[in-house]
Amino acid sequence: MNTRKRGINTLISIMSRFGKEHETDSNITHNERLEFLGDAVVEFITSIHLFHMFPDLEEGGLATYRAAIVQNQHLAVLAKKLHLEEFMLYAHGSDLCHELELRHALANCFEALMGALLLDGGIEVADRVFAYALFQEDDTLRGIWVNYPSHPLQEQEPLGDRHHIGSFEMLKTLTRFEDSIGVQFNHIRLLARAFTDRSIGFTNLTLGSNQRLEFLGDTVLQLICSEYLYRHFPEHHEGHLSLLRSSLVNNRTQAVVCDDLGMTQYAVYSNPKADLKTKDRADLLEAFLGALYVDKGLEYCEMFCHVCLFPRLQDFIMNQDWNDPKSKLQQCCLTLRTMDGGEPDIPVYKVIECTGPTNTRVYSVAVYFRGKRLACADGHSIQQAEMNAAKQALENSKDLFPQLDHQRRVIAQSLKRQKVPRTGGGSGGGGRSGTAGGGSSGPNGEQDLPGEDELEEDEMMQGIADQQPEGLAAKRKREQKNASVFLPESARLPKQYQIHRRSRSNSSSSNNSTSSSSSSNSSNGSRPKSNAKIVTNVAAGDVSSGTEERVNAEVPPNVVDDNESTVVEEQAMRKRNH
């Protein structure tokens with residue numbers, strides 16, 4: 001396998017891994033992941049302050065000011081103000097001999113610092129440090145930056161404006177939307193502004209359109225998604241996290257969430273539109289998030305994303321929505337590259353037809369590879385037509401690109417690995433060191449990823465394991481014993497968790513024989529069955545989903561004896577063998 005194909009396989013293997021259910025520390029030791037998070041922190045802090053300090057500045061002006069503040073050249077200046085170069089750890093080499101490269105490294109270091117401050121002290125601490133670095137010499141300017149005013153609608157009605165609901169039909173209508181999402185705004189006019197298009201112009205009710213709120217909501221969404229991905233995807237590097245984030249914050253995903261919440265029926269336009277474009281619906285969602293942040297704060301926005309956005313991540317990973325059709329087709333073409341050192345063969349797109357008037361023009365685009373047409377598709381823009389053509393080419397040319405079959409196998413194997421901890425009955429990650437996609441940790445925290453041969457070997461071993469449940473049970477018993485012997489007292493599993501695991505063995509024994517069932521009841525203190533509880537849908541890493549077991553929640557940790565439990569398990573295994 002050539003190096004380029006191996007790199008693509010590595011990307012697919014990492015991106016097929018599902019996130020952890022709980023926040024997990026990463027084994028990656030360099031600061032690239034913190035740069036990914038810190039970049040979102042810097043943009044968020046800058047956007048919030050600019051939004052409130054310039055209440056009359058439109059979205060374009062705010063974006064221009066923000067770009068000037070968050071550019072790498074300026075962040076390198078802020079890093080020097082904090083003397084970060086005195087604490088940087090890096091290998092001396094040709095990369096940092098040039099001043100430009102050193103400034104870029106300083107900017108990355110500053111972003112990593114902002115990310116670390118967010119994780120350690122919250123956004124308030126990161127905000128204070130950023131303000132100190134920005135206006136270290138001028139206390140007056142720093143005071144203006146920190147003590148920014150409230151939103152104009154909040155300044156007009158500091159205690160809230162819900163008393164205006166009876167006077168305006170639009171506000172009455174928006175109360176139905178509040179009921180549907182379970183959130184009641186203190187300043188409902190902010191919500192009205194979020195649904196007001198710029199074609200309406202200025203009104204005394206909203207004091208403007210939703211463009212500025214779109215600017216704010218976009219950066220709020222970026223920060224929340226970045227922090228979530230950083231905490232729950234510890235094996236992903238900066239580039240992988242960026243791909244996942246793009247699948248969450250792109251227009252297509254936001255438009256779907258907008259439709260799910262029924263936002264379009266509350267939007268106000270000067271000329272009502274029968275069907276809103278994807279970009280318009282995405283803008284509505286961003287404006288709503290901006291209004292929610294101004295009125296309720298960041299915590300409400302985080303909860304909104306946890307309910308409406310993050311559950312979609314598993315589908316995005318399974319369907320590879322982080323990889324658009326054009327990129328996927330080009331990757332497949334590059335896997336067929338020869339080793340003669342020539343230029344690689346890549347897909348070529350050509351516009352073959354353009355029909356219709358200017359405002360509703362339809363483009364026909366054909367995609368070619370090595371002189372052969374793979375597919376042809378239409379779209380209302382050249383980019384959309386190219387995407388559709390690439391998607392059609394992938395469907396038509398499955399025999400030409402074996403990489404597609406490999407990707408499907410990686411996704412299927414990732415799903416199997418996700419189920420391994422459940423069937424293993426161990427704690428956390430089972431026999432895969434807790435990684436959702438498998439693989440072992442290599443030097444510098446990087447993962448040794450499975451190749452095609454390893455995937456086939458895993459599938460074969462999985463089939464053998466399915467045929468030998470008794471061997472797995474013995475292996476689990478050895479792992480449990482080793483964990484209790486070699487781990488320090490503070491690192492051992494909670495006693496109550498061990499009782500649950502023994503109760504699983506007892507309940508499985510009772511299904512096989514009445515004698516083992518009576519032994520299980522005696523080991524649990526001979527409690528009546530009426531006191532037992534059915535526990536279902538236990539979290540992954542404890543038992544498989546859908547398993548029902550009887551666990552006495554009132555049994556103290558020291559009631560069950562390890563020796564008695566072991567005897568019961570041996571009796572059950574002996575009867576199963578006979």
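Modeller: Handedness first: a crossing is called left-handed if the near helix is turned anticlockwise from the far one by less than a right angle, and right-handed if clockwise. The model is predicted, with local features needing pLDDT of at least 70 and side-chain atom pairs counted only at pLDDT 80 or more, while totals for chains, interfaces and linings use all residues. Residues are numbered from 1 along each chain as its sequence is written, and side-chain values use heavy atoms, without hydrogens and water.

Biologist: Right, so which hand is the crossing of α2 and α3?

Modeller: α2 and α3 cross in a right-handed way, where helices are DSSP runs (H or I, at least four residues) numbered from the N terminus.

Biologist: And at what angle do they pack?

Modeller: Helix α2, residues 32-53, packs on helix α3, residues 59-70, at about 135°, and their axes are 10 Å apart; axes are lines fitted to C-alpha atoms over the stretch in contact, with angles running from 0 to 180 degrees between N-to-C directions. The two are therefore oblique to each other, the label left over once under 35 degrees is roughly parallel, over 145 roughly antiparallel and 65 to 115 roughly perpendicular.

Biologist: Which residues in α2 and α3 meet?

Modeller: From α2 come Val 42, Glu 43, Thr 46, Ser 47, Leu 50 and Phe 51, and they meet Leu 62, Tyr 65, Arg 66, Ile 69 and Val 70 of α3, contact being heavy atoms within 4.5 Å. This contact has 7 nonpolar, 2 polar and 2 charged residues (nonpolar: Ala, Val, Leu, Ile, Met, Phe, Trp, Tyr, Cys and Pro; charged: Asp, Glu, Lys and Arg; polar: the others, Gly among them).

Biologist: Moving on, how do α11 and α12 pack?

Modeller: Helix α11 (residues 211-232) meets helix α12 (residues 238-249) at an angle of about 135°, with 10 Å between the axes, which means that α11 is oblique to α12. Their crossing is right-handed.

Biologist: Who's in that contact?

Modeller: On the α11 side there are Leu 221, Gln 222, Cys 225, Ser 226 and Leu 229, and on the α12 side Leu 241, Leu 244, Arg 245, Leu 248 and Val 249. By class, these residues are 7 nonpolar, 2 polar and 1 charged.

Biologist: Last one: how do the axes of α2 and α11 cross?

Modeller: Their axes come within 9 Å and cross at roughly 155°, so α2 is roughly antiparallel to α11. The crossing of this pair is left-handed.

Biologist: Which residues meet there?

Modeller: Among them are Phe 36, Leu 37, Ala 40, Phe 44 and Ile 48 in α2, with Phe 215, Leu 216, Thr 219, Leu 223 and Tyr 230 among those in α11. The contact of α2 with α11 divides into 14 nonpolar, 4 polar and 4 charged residues.
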